[in-house]
Amino acid sequence: MTVEFGVLGSVEADIDGRSALLGHARQRGVLAVLLVDVNRPVTTDQLVDRVWGGRPPGQAVATLRGYLSRLRQALAATSEAAIVRQPGGYVLNTAGTVTVDMHTFRGLLVRARAAVDDTLAAALFEQALRLWRSEPFATLDTPWLNALRDTLVQERMAAQLDLGDVRLRLGQHDALLPELSARAAAYPLDERLAAQLMLALHRCGRSAEALDHFHRTRGRLAQELGIEPGQALRDAQGAVLRREDTADTASAPVPQLGTPTQPMAPPAQLPLSVVAFTGREDELARLDGLLPGASEAGPARPAAVVVSAMSGTAGVGKTALAVHWAHRVRDAFPDGQLYVNLRGFDPGGRVLSPADAVRGFLDAFGVPLARVPQSLEAQTGLYRSLLAGRRVLVVLDNARDAAQVRPLLPGAPGCMALVTSRDRLTGLAAVEGADLLAVDLLTPAQARDLLTGRLGARRTAAEPAAVDEIVARCAGLPLALAIVAARAAARPRLPLTALAAELRRAENRLDALDGGDPATRIRAVFATSYQALRSDAARLFRLLGLHPGPEVTLPAAASLAGLPRARTGPLLNELSRANLLTDHTPGRYACYDLLRVYATELVTARDSDDARRSAVHRMLDHYLHTAHAADALLSRKEDPLRLSAVRPGTVTEELSDPREALAWFTAEHPVVLAAVEQAPAGFETHTWQLAAVTATFLIRQGRWPALAAAHTTALDAALRHNDRVGLAYAHRGLAFAHTKLNRPDQAHTHYRLALDLFRELGDHAGQARIHSQLTTLSLKHGERRSDGNTYASETGDGPAALDEARQALAHYRAEHNPRGQAIALNHIGRMLAGLDDHQPSALAHSRQALALTEEIGDLQGQVRAWRSLGHIHRRLGRYERAVDCYGQAVAVVRETDDRYHEAACLTDLGDTHASAGHPDAAHTAWTQALTVIDDIPLPDTAPLRIQVLHSLDRRSP
C-alpha cells in the first residue's frame, strides 16, 4: 500500500490513490506538525505551540486529542502510517512505501549536490522541484508554520539557483533564458541570479543586454541597499567584457601539485593523539561504520562524501575522540589527513573564518600563492577540485555552527569529513545528510579507566575509595578527570585521598578543577559556551542553577524565567544546541552536574536576591499547583488543600484525566521530592504542601522510604513556621509511612498527634481519614490483603478497629463526603463479616457503600464494594454469588487501568472458584492475575505474586 503525504502545497494524504479526509485547517495543522518531524516524537507542548502559536484555546490539550483521534480515523485505511501516543507527546510512525514530499525534496537536493555528473544532478534537482504544488502549508497560518514556510521557500530558491548553474554548465542557456528572465524580474536584488541571467544572455549572443542588466542591478543595489555588486557579479561582468565562454568564470584551473622529480607528500595534519586513550568503544564503532566502503559489498566508494558531526558539551572529549579515531584509520585515507581548529568556542574569542581555513588547506596541498583565487567561492571550488578522485580525511574541530563548516566540506566521493562542535549541527544532517553522533559523559567505569590509564593501575588500586569519590565529583566529564589526573601525576607522592578531600571541601568544585591555563580551566571552558548565548538564553541558563534537578520541562523552565511557553521553547532549544542542556527524553531537559554548579555560580553572582527569590517562587508554584491538580485527579478528593494563588509568570501543566496525572507524577516525582528537600528558607509552606500532594502517588507506588523522608522534611518545615495545618498533614503522612514500614508504635503516635491537630482545626475530613487509617492499624496483626488493608476480626483489636471505622463514618457524614462514607461503610462491612451473628448487617453496610459509589461514579469505590460483597458471600458459603461479585469487581477495575488491583481481584476470583470446586476457572483467573503482575513495575507486588504462585501450585494438575 502506498501512502503519500504532501505539505508542499495544501496538507494532503493520499492512500493508494485516494485522498484521505483530513478535516478543517486546524486539524490539518496538527498533521503538518507531525509530518515535519515524522517518526520523531513531538511533545504535547510543542504541538499546542506550533498549532495555535501564542494563543491556544482554554482546553487546548483536550481539543488536540480530538483532532488526533479524527486524524487516526482518517488514516485507519493503512497500517503503514499511525499516530501513536508516547509519554509526554505523540509521534507519526511510518513504514514501507510512505513518503512525505518535504523530506523527499530535501533528500533529492542532498543527492543532487553530491552528484559528480551534471546530467544526473540536473535530473535530481528537477525531480525535487516538481514536488512543489504551491506555497507550503497552504491555508495554514501559525508563527511556527510561517517560519518553516519561509525556510522552505528559501530552500526552493537555492535549489533553483543550483539547477541554473548546472544547466549553464550543460550548455542549456537558450532553454534556460526565459525562466531566468522571469525569476530575475521577481528577485531583482539577487546577485547570483543576475550573474546567471547575464551569462545566459551573453551565450545567446546578447552581450549588450547582459551588460545593461549588470548596470541596472548595480543601480538597484546602490539605491536600495547602499552596496556595490559582489565579486561573483563583477566576475560575470568581466567574463562578458572579455567575451569569455565559460560556465564558471570564478574558478581557477586545478594546479599541478609538484613535479615528476619532486613529488609532494600527502598532507598529514593530525595533532598528537591522547596518550592512554580509554573508553568510547560504542562511538569508535559507530565511526568505523561510516568509513567509505565499510558497509558495502560492492565498490569501495560511496555515492557521496561522508560527513559525521560529533557534538557534546564543553570538556566532554570530542576532540580527543576525533583525533584518536583519525589516527586509528589514517591508512584508509592514503591521500592525506587535513585538520583545522575552527576555534568556534575559543577562550580568546578568535573564531577562524572559513576563508582562512580553506586557505590553510590549499597551502597544505602546495598551491602557489599566485594560483589562489580571490573569492571564498572560488577558493572552495579549487579546494574541492583538489580532493576530487582522492581519499582524504578532513577533521574540522571545534566548529561554531553549520555555516562555518559548509565551505570546508569535500565534494567528492571517497573523502570523509569529521566535524566536532558544541553545537548539535542539525543543519548539516538536514541539508548535507551528516551522521550526527552525540558524545556523552563517561560512565563511572570509563572514568575509572581514564584515571588508571593516566596514573597507573598500582596507584589507583591502592586507593579505590578515593578514586570513586574523584569519579563522582568530576561527574563523568573527561576534562575534569584529566585535570585531576594531571595534578596527581605532577605530585606522585600526594595521596589521592588528599585530592578527593580537596574536591569535597572546595566551596565551589570549579575552583578545584583548574589546570592553570584557559584550555584546562573548567570555568573558562564553560564560559566560552555561555558567552556564545543570546542574553535571554544566558539568563535562562543561569536560572536553571536554581532548579533542584535532575530534569526540567518546558513549563517548569518557563516558570523559572517568568516567560510564556512560546518564548521559552526556543531558548531551551538554543541551550540544547549548545549542549548546555541535553534532551535524551522528548520534552525533558537535563543539565550535567558540573554545568549546574557553573550555572548556580553565575546566578548567584549576576542576579539579584529578589530576582532569584522570585524565580524560585514561580518554580515551586509550578510544581505545587500542577502536583495538586494531579493529586486531585488520582485521589478524587472532595477537600483538596487550599493553595495560595500562583505568582505571576508561573506556567502550570494542564492535566485532564488520571492517566495524565499518573504520567506526570511518574516523570516528575524525583524533581518534586528534590524540591521538598532543597526548598530554601521562607518557603516552608511550599515544602509541606508539596509533600502532602505527592503522598497519594508515593503510596500507590509503594515508595515508603521516600514518603517518610518527604514528610520528615515537611514536619521540620511546619515546626519552623509553627503551621498547625502543615503539622497535621506531616504527622499523618509520617504515620502512614511508619505503618507500611512496620513501625506500628511510631505510626500510632503520629496518627494521634495528627488527630489532635485536625480536631483543633475543626477539620472533619482530616479526622475522618485519621480514624479510617487507625482502623487498619488497629488490625495490624490481621491477615494482610492485596489492597494494602487488613480485615480480620478474628485477630487484632477488632472492637477498637470497628469503633475507629464508625467514627470515620460519622466525620465523613458531617463533611457530606459520599466517597469517604463509602470507604468507612466498606470497612465496617468487612469487619462485621467476621462476626457470625452480624452477617446481614455486614451485607447491608457493603450494599450501602456500593450504592453510594455508583451514585457518584466512583469506580475505585465500586471495586472495593464488590470485593467486600464477594468476601461476605464467600464466608457464608454462597460461592456462585461471590463469583458474580468478584467478576463485577474485575470488570470495573479494568475501566480504571489500576493493574495492581486488577491482579488482586483476579486472585480473589480464582480463590473463590477453587472453593466452589471449579479448578479450571480458578486456574484461568490465577494465570491472568500472574500475567498482570508481571506487567507491574512496582516494589510491593511480591506478596501478591507469592499468593498467586502458591494457589497455582496447589491447584495445577
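Predicted model: local features only at pLDDT ≥ 70, side-chain atom pairs only at ≥ 80, totals over all residues.
Numbering starts from 1 along each chain as its sequence is written, and side-chain values use heavy atoms, with hydrogens and water left out.

**Stop 1: the second largest cavity**

Select Leu451, Leu455, Val467, Ile470, Val484, Ala485, Ala488, Leu496 and Leu499, which line the cavity. Its volume is about 40 Å³. A cavity is a set of points on a 1 Å grid over the protein atoms alone where a 1.4 Å probe fits but cannot get out; lining residues have an atom within 4 Å of a point. Volume is the space filled by probe spheres set on the points, which are joined across faces, edges and corners. Now show helices H17 (444-455), H19 (464-474), H20 (478-490) and H21 (496-505); each supplies at least two lining residues. H20 gives the most, with three. Helices (H or I, at least four residues) and strands (E, at least two) are DSSP runs, numbered from the N terminus.

**Stop 2: the largest cavity**

Go to strands S15 (551-553) and S17 (588-590), which each supply at least two residues of this lining. The space is about 50 Å³. Among the lining residues are His547, Glu551, Tyr589 and Arg596. By class, the lining has seven nonpolar, two polar and two charged residues.

**Stop 3: the open sheet**

Five strands run in the order S11-S12-S13-S10-S14, with parallel pairing. S11 (337-341) and S14 (435-438) are the edges; each has a single partner strand, so one side of each is left without a neighbour in the sheet. Strands pair if DSSP finds at least two bridges between them. Select S10 (306-311) and S13 (416-421): they pair over six bridges. Valine 306 has methionine 416 as its bridge partner in S13.

**Stop 4: histidine 750**

Find histidine 750 in helix H33 (744-761). Histidine 750 counts as buried because its relative accessibility is 14%; buried means under 20% relative accessible area, exposed over 50%, partly exposed in between (1.4 Å probe, protein chains only). Beyond neighbours within four places in sequence, histidine 750 contacts Leu715, His731, Leu734, Ala735 and His738. Contact means heavy atoms within 4.5 Å.

Terms used. 1 Å grid on protein atoms, 1.4 Å probe; cavity = no way out; pocket = protein on both sides within 12 Å on 5 of 7 lines; lining within 4 Å. Nonpolar A, V, L, I, M, F, W, Y, C, P; charged D, E, K, R; others polar.
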